[in-house]
Amino acid sequence: MQQETVIVLDFGGQYNQLIARRVRECGVYCEVKPCATPLEELRAMSPIGLILTGGPGSVYAPGAPGADPGIFSLGVPVLGICYGCQLMAQYLGGSVVAAEEDTAREYGRTDTVFDTGCRLFAGLPGEGVTWMSHGDYMERVPEGFRNAAHTAACPNAAIADEARGFYGVQFHPEVNHTSHGTDMIRNFLYRACRAAGDWSMGGYRERAVEEIRRRAGDGRVLLALSGGVDSSVAAALLSEAVGDRLTAVFVDHGLLRKGEAEEVERAFSGRELNFVRVDARDRFLVKLAGVTEPERKRRIIGEEFIRVFEAEAKKTGAVDFLAQGTIYPDVIESGAGDAAVIKSHHNVGGLPDCVDFREIIEPRRMLFKDEVRQLGRELGLPESLVMRQPFPGPGLAIRIIGDVTEDKLGSLREADAIFRAELAAAGLEEMPDQYFAVLTNTRSVGVMGDGRSYDYTLALRAVQTSDFMTAGFSRVPWDTLERVSTRIVNEVKGINRVVYDITSKPPATIEWE
């Protein structure tokens with residue numbers, strides 16, 4: 001039986017991947033496709049519904065992202081969000097224009113009135129707060145549509161043609177700022193699309209194993225194992241699919257946290273897979289010498305990873321496939337379709353042009369971080385590993401601002417270990433979803449004993465997030481931060497100042513580089 005699927009057409013907005021996550025939270029599988037995906041390709045996927053995302057431009061502007069108008073003839077319900085709503089209106093005979101100053105132009109939290117007789121808002125309160133972000137508005141809605149929500153400034157905050165199953169909202173139901181936003185998406189899925197809700201992690205596991213077996217055949221697979229959550233879950237999934245034809249190569253590139261290399265080896269050396277540890281610390285440091293630009297660091301590390309794996313493949317015999325622990329946020333932030341490149345990831349944008357393997361397998365490329373953890377539990381991995389702190393593939397190289405040296409790595413390892421130890425001692429290690437230290441390239445004057453120092457500033461970062469797409473800083477108690485700071489400046493050579501990062505994502509990213 002084919003799994004029911006909703007297609008999310010991506011027009012380049014900042015919240016687009018959150019839409020996919022919300023759909024999956026509601027028990028329905030979805031895939032994100034570029035807005036220009038050919039109609040026949042969309043039809044071949046037999047979707048039960050389409051969602052048109054937001055976007056940064058105006059639908060009437062020259063060169064604005066568009067889609068094949070035939071999407072409205074597929075015979076399935078369509079939900080347009082912000083830009084997607086306006087695109088629907090324009091394609092179906094309505095009119096979209098730039099809002100006059102202080103008229104129908106809205107940004108941020110907005111009081112909104114809903115028509116609960118519309119399927120989209122059925123069972124929800126008649127009034128609530130929505131998150132608006134639009135400078136255009138629908139001057140005229142298409143024939144057959146009616147208003148389904150309004151605000152003080154915008155008479156067409158939502159429109160509906162329920163006979164055809166077409167719905168549009170000017171606001172963003174996918175963000176937490178919109179009250180009952182996920183319920184609106186659920187209503188679209190179950191009331192408009194008549195979804196059965198057959199998406200589950202158990203089902204994903206079965207399909208993923210089948211797909212890996214189909215692609216790999218009798219071939220041998222080489223896995224890049226970092227020991228983090230992503231690659232660890234990939235190892236468990238691949239092991240289930242191909243058994244002893246999997247070789248997991250753990251590259252100790254010298255950019256890991258204190259004691260981590262030994263921890264990874266202990267965790268995987270006894271499992272039913274071929275585990276190989278490669279000491280490549282000198283090799284990576286030589287390549288990174290004098291490199292300060294973060295994107296160049298990523299690409300150097302990405303290519304060097306591949307070259308190490310190629311060398312190991314030759315040692316272990318014929319290997320047909322390279323497997324990676326890539327997840328959806330890696331792909332998103334590396335840029336796809338009309339989306340902007342936020343930063344390339346070493347296992348996505350950092351891949352070299354020539355790779356000496358038949359194919360690359362990325363078994364969890366379409367999963368968000370919380371879904372990866374769910375899959376880990378489904379595969380029987382221990383909770384200590386499933387809930388392990390996220391750690392970037394390039395390691396401490398992108399937590400050192402500027403050039404990477406052995407001395408800086410040593411200082412950062414010790415400072416990071418102190419931060420973790422003090423959070424654990426205070427019973428706070430589960431309070432942030434991610435926390436770490438960053439060695440900045442800023443030096444400042446300090447007083448150590450009776451002498452003057454001129455050393456580096458260390459930044460502490462701790463965030464809380466449910467999806468790693470957005471995040472807020474953690475309110476770590478001041479006394480805990482004070483203990484961390486005191487220990488670091490007294491115990492770690494080369495650091496005389498400690499600061500705490502209180503920036504959310506967006507506008508910042510979680511990592512500094």
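1. Quick word on terms: helices (H or I, at least four residues) and strands (E, at least two) are DSSP runs, numbered from the N terminus. On that basis V229 sits in helix α6, residues 229-242. This is a predicted model, where local features need pLDDT of at least 70, side-chain atom pairs count only at pLDDT 80 or more, and totals for chains, interfaces and linings use all residues. Residues are numbered from 1 along each chain as its sequence is written, and side-chain values use heavy atoms, with hydrogens and water left out.

2. Staying with V229: is this residue buried or exposed? V229 counts as buried because its relative accessibility is 4% (buried is under 20% relative accessible area, exposed over 50%, partly exposed in between, with a 1.4 Å probe and protein chains only). Beyond its neighbours within four places in sequence, V229 is in contact (heavy atoms within 4.5 Å) with V372, R373, L385, V386 and R388. V463 is 234 residues away from V229 in sequence, and the two C-alphas are 18 Å apart.

3. Next, the cores. A nonpolar core here is a set of buried Ala, Val, Leu, Ile, Met, Phe, Trp, Tyr and Cys residues joined through side-chain atoms within 4.5 Å. The largest one has 88 residues, and L223, L458, L460 and I488 have the most contacts inside it. Helix α6 supplies the largest share of this core, nine residues. There is also a second, separate core of 41 residues, with I19, L120, A149 and V175 among them.

4. L460 is worth a click in the viewer. Not counting residues up to four places away in sequence, L460 touches F419, F436, A437, L481, V484, I488, V498, V499, Y500 and D501.

5. On to the largest pocket, at about 770 Å³. The pocket search uses a 1 Å grid over the protein atoms alone: a pocket is an open set of points where a 1.4 Å probe fits, with protein on both sides within 12 Å along at least five of seven lines, and lining residues have an atom within 4 Å of a point. Points are joined across faces, edges and corners, and the volume is the space filled by probe spheres set on them. Of the 29 lining residues, S384, M387, R388, Q389 and Y435 are the closest to the centre. Two or more lining residues come from each of α7 (260-268), α11 (369-378), α12 (383-386) and α13 (406-425), and α13 gives the most, with six.

6. What is the lining of that pocket made of? It divides into 10 nonpolar, four polar and 15 charged residues. Ala, Val, Leu, Ile, Met, Phe, Trp, Tyr, Cys and Pro count as nonpolar, Asp, Glu, Lys and Arg as charged, and the others, Gly among them, as polar.

7. Some backbone geometry to look over. Most residues other than glycine have a negative phi, and most peptide bonds are trans. A cis bond joins K505 and P506, with omega about -15°, and another cis bond joins P506 and P507, with omega about 15°.

8. C82 is in the loop between β4 (78-81) and α3 (83-91) and is buried, at 5% relative accessible area. R194 is in the loop between α4 (181-192) and α5 (201-216) and is exposed, at 60%.
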